[in-house]
Amino acid sequence: MSESPLATVVANRAEDLSTILIAPHQFLDVDREKRLAEEFNAELIVAANVDEFRAAIPDATLILVTPYARVEAADFAAMRRCVAVIRYGIGYDNIDVDAARQAGIPVAIVPGASSEEVASHAFTMGLSLARRIPAGQAAIANNGWAGKIAYDTPRFSELDVAVIGLGRIGRFVAEWYAALGTRVRAYDPFVTLDGIPSAPLQELLEQSDVVSLHLPLSADTRNMISADVLARMRTGAVVVNVSRGGLIDEPALAEALHSGHIAGAGLDTFTQEPLPEDHPLRSAPNVIMTPHVAWRSNRALESLQAGVVLRCRQALTGQPLSDLVT
């Protein structure tokens, strides 16, 4: 029986598999990773910042990536011992996968660890915005009262909901909206969902009260919610993005919120994180913003770290890696 390609890489790349590098993180602890390092007699390096992370890359055997650091072409070129790069979570737009492919270094992700959490975040944001709850809270905070708030929102039975993207998270969101009795439709170029009607993307963007985005960030999806798209959206519509910053033209969204054409936005991800102090969305009305925490729960964190440790063990023992990107 022939040796697996990964086992060959492990044997050829490093004389001793000694260093597991973790990018800057905000986890409660890295006890699972510590136990893994002890099991394989490896050194665990937990980078305190991006500079420490980048400095340790050349000699790392395994590189565990969080949203708080990037792995770029120059980093892959500098790797002397790396047998795998493993991303905490499903998104890998902060890893140069083309450079990884050229360097022959596998990149793996951990999908599904927090699908329910992210979906529930998007779902509850959409419901809150549809009922104009942020506008009501702001009125009281500003010593006002009801005024004309919420006269423009449809009943749930008449609420047109667009779910853009039917991966694990989008499916949850679509099914939950459907269970409420809303008129939910979906767009995904690759999959359909039983019981959820499909519709063209442009139609959904222009004819929906709630637009919920569940897409990866790519050259095709960057700024897909542009100034032009926002102008063509239904007056009083709301948009939710818990997927990736960069899907929305954020200054254009701020303008549309100030004008009142867009009634609200629910955002957990942003083009630049942390959000700059002078960012126009900070002063925009009727926005629910959370600091990229939609994925978080005690169970999700357990699943996420356990998934990374599993892939580390696969890499260190020469087994095929689960959920390879490249």
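Which handedness does the crossing of α2 and α12 have? The crossing of these two helices is right-handed, a term that applies when the near helix is turned clockwise from the far one by less than a right angle, anticlockwise being left-handed.

## Basis of the description

This is a predicted model, in which local features need pLDDT of at least 70, side-chain atom pairs count only at pLDDT 80 or more, and totals for chains, interfaces and linings use all residues. Residues are numbered from 1 along each chain as its sequence is written, and side-chain values use heavy atoms, with hydrogens and water left out. Helices (H or I, at least four residues) and strands (E, at least two) are DSSP runs numbered from the N terminus.

## The helix pair α2 and α12

Helix α2 spans residues 31–39 and helix α12 residues 298–316; their axes come within 9 Å and cross at roughly 20 degrees. That angle makes α2 roughly parallel to α12. Angles under 35 degrees count as roughly parallel, over 145 as roughly antiparallel, 65 to 115 as roughly perpendicular and the rest as oblique. Axes are lines fitted to C-alpha atoms, for helices over the stretch in contact, and angles run from 0 to 180 degrees between N-to-C directions.

On the α2 side, Arg 32, Glu 33, Leu 36 and Glu 39 take part in the contact, and they meet Glu 302, Gln 305, Ala 306, Val 309, Cys 312 and Arg 313 of α12. Contact here means heavy atoms within 4.5 Å. By class, the contact of α2 with α12 has 4 nonpolar, 1 polar and 5 charged residues. Ala, Val, Leu, Ile, Met, Phe, Trp, Tyr, Cys and Pro count as nonpolar, Asp, Glu, Lys and Arg as charged, and the others, Gly among them, as polar.

## The sheet of 5 strands

An open sheet with parallel pairing is formed by 5 strands in the order β2-β1-β3-β4-β5. Strands β2 (43–46) and β5 (107–108) stand at the edges with a single partner strand each, so one side of each is left without a neighbour in the sheet. Two strands pair if DSSP finds at least two bridges between them.

Strand β3 (residues 62–65) is joined to β1 (residues 19–22) by 3 bridges and to β4 (residues 84–87) by 4 bridges; both pairings are parallel. Both faces of β3 are covered: Leu 62 and Leu 64 on one side, and Ile 63 and Val 65 on the other, are all buried. Buried means under 20% relative accessible area, exposed over 50%, and partly exposed in between (1.4 Å probe, protein chains only).

## The sheet of 6 strands

The order β7-β6-β8-β9-β10-β11 describes an open sheet of 6 strands, again with parallel pairing. Its edges are β7 (183–187) and β11 (287–289), each with a single partner strand, so one side of each is left without a neighbour in the sheet. Neighbouring strands of this sheet are turned by 15 degrees against each other on average, direction ignored.

Strands β6 (residues 160–164) and β7 run parallel and are joined by 5 bridges. Helix α8 (residues 168–180) packs on the sheet, touching β6, β7 and β8, and its direction makes about 165 degrees with that of β6.

Strand β9 (residues 237–241) is largely enclosed by the rest of the structure, because 5 of its 5 residues are buried. Ala 237, Val 239 and Asn 241 point one way from β9, whereas Val 238 and Val 240 point the other way. In a regular strand the side chains alternate between the two faces of the sheet. Strand β8 (residues 210–213) runs parallel to β9, with 4 bridges between them.

| Residue | Bridge partner | Strand of partner |
|---|---|---|
| Ile 20 | Leu 62 | β3 |
| Leu 62 | Ala 84 | β4 |
| Leu 64 | Ile 86 | β4 |
| Val 163 | Ala 186 | β7 |
| Val 211 | Val 239 | β9 |

## Local backbone features

Glu 273 and Pro 274 are joined by a cis peptide bond with omega about -5 degrees, and Pro 274 is found in the loop between β10 (262–267) and β11.

Ala 150, although not a glycine, has a positive phi of about 80 degrees. This residue is found in the loop between α7 (133–141) and β6, and Ala 150 is partly exposed, with a relative accessible area of 23%. Asn 223, also not a glycine, has a positive phi of about 55 degrees. Asn 223 is found in the loop between β8 and α10 (227–232) and counts as partly exposed at 36% relative accessibility.
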